[in-house]
Amino acid sequence: MQNKGFSAINIFGLAVGIACCLLITLYVVDELSYDRYHQKADRMYRLNLAVKFGGKEELVATTADMLGPTLKKDYPQVENYARVYNAGSFLIKKAGTVTNIRETSILFADSTLFDVFSFPLVAGNPKLVLSEPNTIVISETAAKRHFANQNPVGQILNLDNQKDYKITGVMRDIPQNSHFTSDFFVSMQSLNYGWGTFLSNNFQTYILIQKGANPAAFDGYFNQIVQKYVSPEIFKAMGSTVDELTKSGSYYRYGMIPLTDIHLKSKETLGLGINGDIQYVYIFSIVALFVLLIACINFMNLSTARSSKRAKEVGVRKVLGSLRQQLMVQFFAECVLLSFLALIVALGLVGILLPFFNDISGKLLSINDLFSFKFFAALAILPVLVGLLAGSYPAVFLSSFEPIKVLKGRLNLKGGSLRNGLVVFQFSISIVLIVSTFIVYRQINFIQQKNLGFNKDQVLIINDAYALDKQAVAFKDEILKLKGVANGTLSSFLPTPSNRNNTVMFPEGQIDQTKGVQIGGWDIDYDYISTMGMSIVKGRNFSKEFGTDSTGVILNEAAVKLFGFKDPLNKGVTLFMNDSKKVYRVVGVVKDFHFESLKSNIGALSMFLNLNTGNVSFRLDAGSDIQSTIKQIEAKWNAMAPGQPFSYDFMDDSFNNVYKAEQRIGKLSLAFAFLTILVACLGLFGLVNFIAEQRTKEIGIRKVLGATVGSVVLLLSKDFVKLVVISVVIASPVAYYFMDQWLADFAYRINIEWWIFAVAGLCSVLIALLTVSYQAIRAAVMNPVESLKSE
């Protein structure tokens, strides 16, 4: 109460530091908790496949349908397995009704699913619910959505207006901290699939190993399986064994990753969910520590800066018999008390900021999590640790005063160099965060503005086009008649990052594994190239004027390069699909466009003229009334697909969703950079206030001798500005190193320009100058009579 300003700055500074620490701790703990609720999580692994062939390396989370059963059959170290097949979205309705509900992430699963995974059932026998064909297990949320308060067990659900499935069980909702979630598990026996091959890899395979089994031994088991089962199939397809592939630099390898590592450490594509990144967990943990450390440094700086105010108190206490240890305990107690007050304020800040933090991070964190058993002890200990850390130097420094010198007024206060060093440290961390935020946002903007090789704007994607069935072509033709619709197309894939269908192609007459090219294969129609705004650089597009285009193919430039064609037109390429081979003639070459993440180089791609109703897309006129056009399209949909839900996306939104993680990192970096600067400036504000108080008489004398307000402000400000400039010099190479490492994940990236550091440094200097100037001007305009009247 005697030092309200000092206390307010210290408490609020510590509160902001603690609040940041608590928010990041909630985030980190949630990230690290993924899949740990499964009872057998320590023995569960997902199988992966690494393939290098035809100029392309792939690491995927999918394997062959035969791998799980074969492992269990041949190796007793495998206790059980469960396969999951991602079927995507379905239109689902109760039997006997007309209206469908669109459900996403429908998964086909083995009957062993509920033995391997700990997904509790509220109804049904876990060993039997998926043991028969045409059976399905749904979540409690799905049960309420489709059946309200009725008992769903025994009821019938129709999928995609084609097949009925009997509900045999209801499970609790899968927790959000899972690497995949679903409301529907369909029995694997219901799946219409070409079973029995090791070269078709479309299943997520999870194994449960025996207690005491050595996970490292499975590398040897996988090699044996490749030699025994995979190699003969490869030899049958292309006349080469796995060993011959390896000698030529290619490979075909199985591996596995612990279940609890999938969310943060998996680098495989084709997973069932969007993974996090352990690097971000490390980064945010360090940020939390640094923000808290900066808040503690503020406390140290302010406490030592105001040491002159407490010098006589220390001297009197020592004369009256106080020991140094007793004074240290007193100062530590004061710090811990302030930390407890700061914790209370911090909890209030967390309650206010958590909804915004959840929105930025994409989490569903609750402040109640802080009061759970695992956090309660940490909350009790945190202010003690913060108080001891923040109060360590002040307690040692203040308790060391000699009473005779203090009481005679001959105390020579030191510690300026340490305070300056701590200010440099604070602003160095702040500048690193500012530079990092600049670079993250520039990279995201680069991604959004980059010429992708196609035009993603104004493209409307109609979801669940398969509901149109045989009317898809007629629907497209009807929509093209509408005003505001420029073009439209039916296709198997769109040029936005998603799961792909890869195969192997060879130059005609050269079925040699050294000549093979791993390539994507898309089915398109005559209007695909023009609708997507792509460019043909050689040859032509598919045309109705050429009756032979059904055996034609359009390659991208990357594919032409891998095939080694100097003049690709009319060249023959042999396509492998299962056991069949078919030769296609190149009719055109499309300019390379980005159909995968910009973290990857553009891969080889082939396009075939085939009717495929997987996707229906329309390019809308830029000047048209978009909402009116969409309403007209919806009316046509309802007329041609009655009872089927109408939904759509815009291609640019779908593209941007791929980079949500990077966008979140940018927003979080911005938030933490702001809070770090805020805490550092609070300390600077308090520090210049006390220094101005110490130099009150000096300022008065200078003004009497003719010093102007500007010269006094400069006197008080220049030292702090120097410290910030030193911080810029220290922080710049550190920020460059870490952001260059982050950008290394992108095949297409920005260059880190010098002006980014200049702007960050200038911003920091201006912020510091504004912070210092208020107190400096206040001290400079003070009447010198007030400061000198006692002399």
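L337, L341 and I344 form a nonpolar patch on the surface, with about 300 Å² of accessible area together. The model is predicted, so local features need pLDDT of at least 70 and side-chain atom pairs count only at pLDDT 80 or more, while totals for chains, interfaces and linings use all residues. Residues are numbered from 1 along each chain as its sequence is written, and side-chain values use heavy atoms, with hydrogens and water left out.

**Surface positions**

- A patch joins residues with over 30% relative accessible area and no salt bridge, like charges within 9 Å and nonpolar side chains (Val, Leu, Ile, Met, Phe, Trp, Tyr) within 5 Å; a salt bridge is a side-chain nitrogen of Lys or Arg within 4 Å of a carboxyl oxygen of Asp or Glu.
- Accessible areas come from the Shrake-Rupley method with a 1.4 Å probe, and for residues only the protein chains shown count as cover.
- L341 lies in helix α10 (residues 324–361); helices are DSSP runs (H or I, at least four residues) numbered from the N terminus.
- L341 counts as partly exposed because its relative accessibility is 39%, the class between buried (under 20%) and exposed (over 50%).
- A8, in helix α1 (residues 4–32), is partly exposed at 47% relative accessible area.
- The C-alpha atoms of A8 and G686 are separated by 10.0 Å, although the two residues are 678 apart along the chain.

**Cavities**

- The structure holds two cavities of 30 Å³ or more; on a 1 Å grid over the protein atoms alone, a cavity is a set of points where a 1.4 Å probe fits but cannot get out, and lining residues have an atom within 4 Å of a point.
- The largest cavity has a volume of about 60 Å³, the volume being the space filled by probe spheres set on points joined across faces, edges and corners.
- Ten residues line the largest cavity, and T696, I699, G700, A779 and M782 are the closest to its centre.
- Helix α20 supplies the largest share of that lining, four residues.
- The second largest cavity, of about 30 Å³, is lined by D277, Q279, Y280, K599, E662, W742, D745 and F746.

**Second largest pocket**

- About 650 Å³ of space lies in the second largest pocket, a pocket being an open set with protein on both sides within 12 Å along at least five of seven lines.
- Of its 23 lining residues, I283, V432, S436, F738 and M739 are the closest to the centre.
- Helix α8 gives the largest share of this pocket's lining, eight residues.

Technical notes
Helices (H or I, at least four residues) and strands (E, at least two) are DSSP runs, numbered from the N terminus. Buried means under 20% relative accessible area, exposed over 50%, partly exposed in between (1.4 Å probe, protein chains only).
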